[in-house]
Amino acid sequence: MNKKTFDIAIIGAGPAGLSAAYEAALSGAKVCIFDENKVPGGQLFKQIHKFFGSKTHHAGTRGFRIAEELVKNVQESGVEIFLDTIAWGLFPGFRIGITIADEKTMMIEAKKIIIATGASENTLAFPNSTLPGIIGAGAAQTLMNIRKVRPGKKAVVVGSGNVGLIVSYQLMQAGVDVVALVEAAPSIGGYLVHASKIRRAGVPILTKTTIVEAHGEKGVEKVTIADVDERFKPIAGTERDIDADLVCIAVGLHPMTELCWMLGCEFTFSGLLGGYVPRHNCDMETTIEGLYIAGDVSGIEEASVAIEEGKLAGVMSAAALGFIPGKLAQELKEKMTENMYELRSGAHGEKIAECKRQVMGV
């Protein structure tokens, strides 16, 4: 088995991983980054909407444009990029087992590792939930925004977080009739600006409602929805049918932490952050010295936060190796921490910030 050695190895080339790679490479460290996809950029390439926030946080820029900028920076910084590559194991001594294009297997050794593997979609089980035409929000975005394929004609979207709201609008942009968005909670989970946009377009948002069954032969043809009680149980007698050939599930994400478990990180549970997340300090370093995390693997948040966390992990891992002077590293850390504080403003953001403080033990 071939072997390569780097100062810093980064797993995941989404917004967090790319940002970490660029900051670390700027310091002069020898950096590599792996991603299982054939192109870097992660979920940003699926995001055709404009970002919110300040100019610092790419306000007014569409997600795929941000990805293009991040990829360009990394390519020009001398980072060695491994695409179509699976990182299948972390081992003592900071060795990473990878397989490239399902053919070449090799071992990577690094002095520091940054895990930026992102998140995976939650699923929802109900009778006939495996029928063709019932897909996750990420799959819908891949079909529409990357493959240029309309995933259906009439859609029911399940889940009113930002992902569900944004995907609903993107479905309409692709020519899909979004006949309803259903949400089991008593209130909308995402930003009001996104909800208002689809409401103005005529999409009914049905809170305290869930999908109870799908119907069809070769694919979904209609769904049954029902009101729910305070325990989110369907209320008998409230069932009604909606014709649809597409059901888009957008019921949240959970961090992809498998590699962190393999190396023995300590974990804590936070429902607001998506489930079990690795404990880490203010430098994004886990309980395993030299192992850092960034982005959704550290707790589900917006892509803008993932970028700042990636920058912070890149800077602090490089500083720990002596590539960045301590004073400069501290100044950069303070700036990035302040940026994250701004991004977490508002009632929901403050709750997230409190969860992150608990994870960090501060």
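**Sheets, a covered helix and salt bridges**

Good morning. Glu 354 is partly exposed, with a relative accessible area of 34%. I open with this residue and shall return to it with its partner. Please bear in mind throughout that the structure before you is a predicted model.

Glu 354 forms a salt bridge with Arg 357, and the closest N and O atoms are 2.9 Å apart. Both residues belong to helix H9, which covers residues 347–360, and they are three residues apart, about one turn of the helix. Arg 357 has a relative accessibility of 36%, so it too counts as partly exposed.

How many salt bridges does a search of the whole structure find? The number is 13. Let me describe two further pairs. In one, the side chains of Lys 111 and Asp 7 meet at 3.3 Å, N to O. Because Lys 111 lies in strand S6 and Asp 7 in strand S1, this pair ties together parts that are 104 residues apart in sequence. Is Asp 7 buried or exposed? Its relative accessibility is 12%, and Asp 7 therefore counts as buried.

The other pair is Asp 227 with Arg 240, where the closest N and O atoms are 2.9 Å apart. Asp 227 is in strand S13 and Arg 240 in strand S14, so to speak of distant parts of the chain, they are 13 residues apart. Asp 227 counts as partly exposed at 26% relative accessibility, and Arg 240 counts as partly exposed at 31%. There is also a network of salt bridges, which links Glu 301, Glu 309, Arg 344 and Lys 356.

I turn now to the sheets. Strands S13 and S14 belong to an open sheet of three strands, in the order S12-S13-S14, with antiparallel pairing. Its edge strands are S12, residues 209–215, and S14, residues 240–243, each of which pairs on one side only. On average, neighbouring strands of this sheet are turned by 30 degrees against each other, direction ignored. Six bridges join S12 to S13, residues 222–227, in the antiparallel sense. Glu 213 has Thr 224 in S13 as its bridge partner.

A further open sheet is formed by five strands in the order S8-S15-S9-S10-S11, and here the pairing is parallel. Why is one side of S8 and of S11 left without a neighbour in the sheet? Strand S8 (134–136) and strand S11 (205–207) stand at the edges and have a single partner strand each, which means that one side of each is left without a neighbour. Neighbouring strands of this sheet are turned by 20 degrees against each other on average, direction ignored.

Within this sheet, S9 (residues 154–158) and S15 (residues 246–249) run parallel and are joined by four bridges. Val 156 stands opposite Val 247 in S15. Helix H3, residues 137–146, lies across S8 and S15 and runs at about 90 degrees to S8.

Finally, I come to helix H1, residues 15–26. Its twelve residues reach 17 Å from the first C-alpha to the last, close to the 16 Å expected. H1 is mostly covered, with ten of its twelve residues buried; among them are Leu 18, Ser 19 and Glu 23. What covers the buried residues of H1? The cover includes strands S1, S2 and S6, together with helices H2, H7 and H8. Just after H1, Gly 28 takes a positive phi of about 105 degrees.

Thank you for your attention.

Definitions and conventions
Residues numbered from 1 in each chain as written. Predicted model: local features only at pLDDT ≥ 70, side-chain atom pairs only at ≥ 80, totals over all residues. Heavy atoms only, no water. Pairing = 2+ DSSP bridges. Helix = DSSP H or I, 4+ residues; strand = E, 2+ residues; numbered from the N terminus. Axes fitted to C-alpha atoms, helices over the stretch in contact; angles between N-to-C directions. Contact = heavy atoms within 4.5 Å. Expected span 1.5 Å × (residues − 1). Buried < 20%, exposed > 50% of the residue type's maximum accessible area, 1.4 Å probe, protein only. Salt bridge = Lys/Arg side-chain N within 4 Å of Asp/Glu carboxyl O.
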